[in-house]
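Open the model in your viewer and keep the selection tool ready. We will go stop by stop.

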Amino acid sequence: MKLSTRGRYGIHAMYDLAVHYGDGPQSIKCIAERQNIPEAYLEQLIAVLRREKLVISNRGAQGGYRLVREPSGVTVGEVLRALEGGLNLVDCLLEEDSCGKSCACPSRIVWLKIRDGLNRIVDGITLQDMIDEYACQMAQGEEK
C-alpha cells in the first residue's frame with residue numbers, strides 16, 4: 001500500500017497546525033511554506049479537512065486555520081480517512097462482489113487482518129504523539 005500525495009501532505013499540514021496549536025490561526029501561505037506544499041494543493045486539502053470538522057477557519061486579516069481539537073485529540077487515522085477514504089488495500093473489502101469470489105476467497109481474511117491492523121495503528125497515533133516523537137528524535141540527534 002502506498003499513500004497518495006494527498007494523504008502525505010495532509011498529515012504534514014495537520015502536523016504543522018498541531019505544532020502551532022494555541023498560536024492563533026495559521027495562513028495557508030505559512031503552512032505551505034513551512035511544509036513545502038504547493039499552496040493551491042493545500043487549499044484543496046484544507047477544504048476537505050474543514051468539511052470533515054478537523055480544522056476550523058477564521059476570516060479576516062489575521063485569519064487562517066487551526067485544529068478543532070487539541071493535538072492529543074486528533075489521530076492520524078482520522079486525517080487519513082478524511083483525505084484518502086477508507087484504508088482498504090483491495091476493493092473486495094468494500095464490495096464483496098468486486099472479484100466474483102465473494103466470501104469464498106481464501107486471501108480475504110489476510111486483507112481484513114491487514115486493514116484492521118493498519119487502522120489500529122493509525123488510530124493509536126495522535127498529532128501530539130508526532131510532535132513528541134519528532135522532538136525526541138531531534139534531541140537525540142543533537143546529543144550525537
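Select helix 1 (residues 5-19) and helix 3 (residues 39-51). Their axes are 10 Å apart and the packing angle is about 75°. Helix 1 and helix 3 are therefore roughly perpendicular to each other; that label covers angles of 65 to 115 degrees, while under 35 is roughly parallel, over 145 roughly antiparallel and the rest oblique. Axes here are lines fitted to C-alpha atoms, for helices over the stretch in contact, and angles run from 0 to 180 degrees between N-to-C directions. Helices are DSSP runs (H or I, at least four residues), strands are runs of E with at least two, and both are numbered from the N terminus.

This is a predicted model: local features need pLDDT of at least 70, side-chain atom pairs count only at pLDDT 80 or more, and totals for chains, interfaces and linings use all residues. Residues are numbered from 1 along each chain as its sequence is written, and side-chain values use heavy atoms, with hydrogens and water left out.

Stay with this pair. Which residues of helix 1 meet helix 3? Show Thr5, Arg6, Tyr9, Gly10, Ala13, Met14 and Leu17. Across from them, show Tyr41, Leu42, Leu45, Ile46, Val48 and Leu49 in helix 3. Contact means heavy atoms within 4.5 Å. By class, this contact has 10 nonpolar, 2 polar and 1 charged residues. Nonpolar covers Ala, Val, Leu, Ile, Met, Phe, Trp, Tyr, Cys and Pro; charged covers Asp, Glu, Lys and Arg; the others, Gly among them, are polar.

Next, the rings. The count comes to 2 aromatic pairs. Rings of Phe, Tyr and Trp (its six-membered ring) pair if their centres lie within 6.5 Å; planes under 30 degrees apart are stacked, over 60 edge-to-face, and the rest tilted.

Select Tyr9 and Tyr41. They form an edge-to-face pair, 5.7 Å centre to centre with 75° between the planes. Tyr9 lies in helix 1 and Tyr41 in helix 3, so the pair ties together parts 32 residues apart in sequence. Buried means under 20% relative accessible area, exposed over 50%, and partly exposed in between (1.4 Å probe, protein chains only).

Now select Tyr15 and Tyr134. Their ring centres are 6.2 Å apart and their planes stand at 80°, so this pair is edge-to-face. Tyr15 is in helix 1 and Tyr134 in helix 6 (residues 127-143), 119 residues apart. Tyr15 is buried at 17%, whereas Tyr134 is partly exposed at 42%.

Move to helix 2 (residues 28-35). Its axis and that of helix 1 come within 10 Å and cross at roughly 110°. That makes helix 1 roughly perpendicular to helix 2. Here His12, Ala13, Tyr15, Asp16 and Leu17 in helix 1 meet Ile31, Arg34 and Gln35 in helix 2.

Step into the loops. Asn36 sits between helix 2 and helix 3. Asn36 is not a glycine, yet its phi is positive, about 55°. Asn36 is exposed at 66%. Lys53 lies in the loop between helix 3 and strand 1 (55-58). Lys53 also has a positive phi, about 60°, without being a glycine. Lys53 is exposed at 60%.

Last stop: Asn119, in helix 5 (residues 108-123). Asn119 is buried, with a relative accessible area of 17%. Leaving aside neighbours within four places in sequence, Asn119 is in contact with Arg81 and Leu87.
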